Amino acid sequence: MAHSQVAYLIPLTSNLKEDNSSPRITLSEGPNTIGRGNVSITDKRLSRKHITIITSTSGSASLSVEGTNPVVIRSSGDGDRKKVKPREEVSLTNNDLIELIPGHHFFKLVLLLSENNGENHNGSHERAAKKARKAEIHEEDDDSVEAIRRFVPPNEKLPSTFRLLNVNGLPDWANTSCVSINDVIEGEIVTAILSNYMVDLDWLMSACPKLANIPQVMVIHGEGDGRQEYIQRKKPANWILHKPRLPISFGTHHSKAIFLVYPRGVRVIVHTANLIHVDWNNKSQGLWMQDFPWKDDDKDPPKGCGFEGDLIDYLSVLKWPEFTASLPGRGNVKINAAFFKKFDYSDAMVRLIASVPGYHTGLNLRKWGHMKLRTILQESIFDREFRRSPLVYQFSSLGSLDEKWLAEFGASLSSGITEDKTPLGPGDPLIIWPTVEDVRCSLEGYGAGNAIPSPLKNVEKPFLKKYWAKWKADHSARGRAMPHIKTFTRYSDQKLAWFLLTSSNLSKAAWGALQKNNSQLMIRSYELGVLFLPSPIKTQDCKFSCTENNPSTTKAKKETKDEVEKGKLVTMTWQGDRDSPEIISFPVPYQLPPKPYSPKDVPWSWDRGYSKKDVYGQVWPR
């Protein structure tokens, strides 16, 4: 039976700072053995079973020394040091420091659950929530309704929208229609490709045990050399690691996607979370997925569609090492970019907007980054109400921007025409970005700021002041779940012209910058997003699924009625008839229209010091 995570150990450097090159160690309810295999550098002086930490859902923890060498505990309360000898046992409290000796390997204990009076509490998150509520200034707002309770789209409409990820520490209603990693990695998977930036293999295998039974798994990642070596040592034998080439300095592989091959078809998932615990449990994140059947070899192949072209173009650039998988009824098949042409994407409800590093010219100029988005929007027709309507840029890391590039980027996002061929015209953007108070009072306290990594020099550029808007999310109950989700949209009241869910932050590295009199687009990083447009909605007899056993739902869509009118994209707080077939509701987690900063609001930057204690009694930097 799976045990719930109740704590974790944070590796520390010799000067007791968080060691970001080593993964956090998840501690489950009951005994947890820690030893030589849990340190980033091999140290045979440590025992394989050096210590055992016993944790419980009540928030209690104890440590016993199993090896032949002692351990030093530094109390978080009074700072006292205590040497624990072999076979001795001591109690631990939250934020105690543990030193494994010899070798001086330091860890900090963080307890996730610290109270239990017989009810279903969510531990330290709930305690922190109570603290934060006392500090909050409650403002009357039309957006305060718990709109996420009503976000329950029917199955046939799910590919047309996206979903938020579950957040620990929120009431059950706040996770209505939200998903976890096990909700998407499910069923009889033959091959899996996991694309991401950060990968905590220990957490991933414990959070999603299904992965251990998949015959072939490839991880495409952006980790540094030290972390890559660690993952290489820890990974199952049948897993393949691949880090795509980065031809331009300061780029990353940042795309977050999952491709699952089934006997019936393929599942494509595009999301915003790193493969680490905090991203899938504590933050505001988004995810889109759709299943696609195999093409029927006995019939004329379906005409190529935009989604297929987007996907194959992107996968081809990754150049992963080709491998072979055994597929039921199909024998041994080579898994490369061309393999993904074998599926029928004609019912795809989104377009892919990808970035790949390079100096893109000619036909490639409009294939990637913000120029790809510009091209698709220029070919799209929107309602007249979106003429000169505002834009939202919402993300979790801010690059070094200048006004010239921001205008270039805005020109792409302002593209599009109405039915009478009138351009939509430029829209005024607002940048949704957490304030210092948002981070201080968040579910993670100042710790959430680690995942909002923008320095003061980028945040405090004077020209940005007019763009700042608050992360306000009462209707989704995510005001205290700091955003790692990235979204860009154009809106009018609670209607959306289009909506983009993406891995791209607001930076030239992610979106690209035009050069050489606009004849070249320079991009540093790999990114991937899905663009939702008001496409015509098709009436479907059934929805294809890779995992449903009911035959009526596992066949490709039959020929049915003509297309109904063009879809209308709306937010969760839109007041109207949601049962209309053309209405597609989006769980936009933040308030629209966004609320601009007040004079007292200070945008978060992670290299500034903050002495006012957060909900855990911590200051920043810790």
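**How to read the model**

Because the model is predicted, local features need a pLDDT of at least 70 and side-chain atom pairs count only at pLDDT 80 or more, while totals for chains, interfaces and linings use all residues. Residues are numbered from 1 along each chain as its sequence is written, and side-chain values use heavy atoms, with hydrogens and water left out.

The pLDDT is the predictor's confidence in each residue, from 0 to 100. Across the protein it averages 88, and 90% of the residues score at least 70. Over residues 114-143 the pLDDT is below 50, and this stretch has 56 contacts in the model beyond near neighbours in sequence; a contact means heavy atoms within 4.5 Å. Residues 551-562 also have a pLDDT under 50, with 24 contacts beyond four places in sequence.

**Salt bridges**

How many salt bridges does a search of the whole structure find? There are 20, where a salt bridge is a side-chain nitrogen of Lys or Arg within 4 Å of a carboxyl oxygen of Asp or Glu. Three of them are listed here.

| Aspartate 202 | Lysine 234 | 3.7 Å |

The side chains of aspartate 202 and lysine 234 meet in a salt bridge. Aspartate 202 lies in helix H3 (residues 201-207) and lysine 234 in helix H4 (residues 225-234), so their pairing ties together parts 32 residues apart in sequence. Aspartate 202 counts as partly exposed at 27% relative accessibility, and lysine 234 is partly exposed too, at 36%.

Aspartate 310 counts as buried at 6% relative accessibility, and lysine 372 counts as buried at 12%.

**Two helices**

Why is H7 largely enclosed by the rest of the structure? It is because 9 of its 10 residues are buried, among them His370, Lys372 and Arg374.

In H4, Arg227, Tyr230 and Ile231 are buried. They cover an arc of only 95 degrees around the axis (taken from the directions from the helix axis to the C-beta atoms), which puts them on the same side of H4. The face turned away from that buried side carries the exposed residues Asp225 and Glu229. What covers the buried residues of H4 includes H3 and strand E14 (239-242).

Four strands form an open antiparallel sheet in the order E3-E4-E5-E8; strands pair if DSSP finds at least two bridges between them. Strand E3 (30-34) and strand E8 (89-92) are the edge strands, each pairing on one side only. Strand E5 (residues 61-65) is joined to E8 by 4 bridges, and alanine 61 stands opposite leucine 92 in E8.

Notes. Buried means under 20% relative accessible area, exposed over 50%, partly exposed in between (1.4 Å probe, protein chains only).
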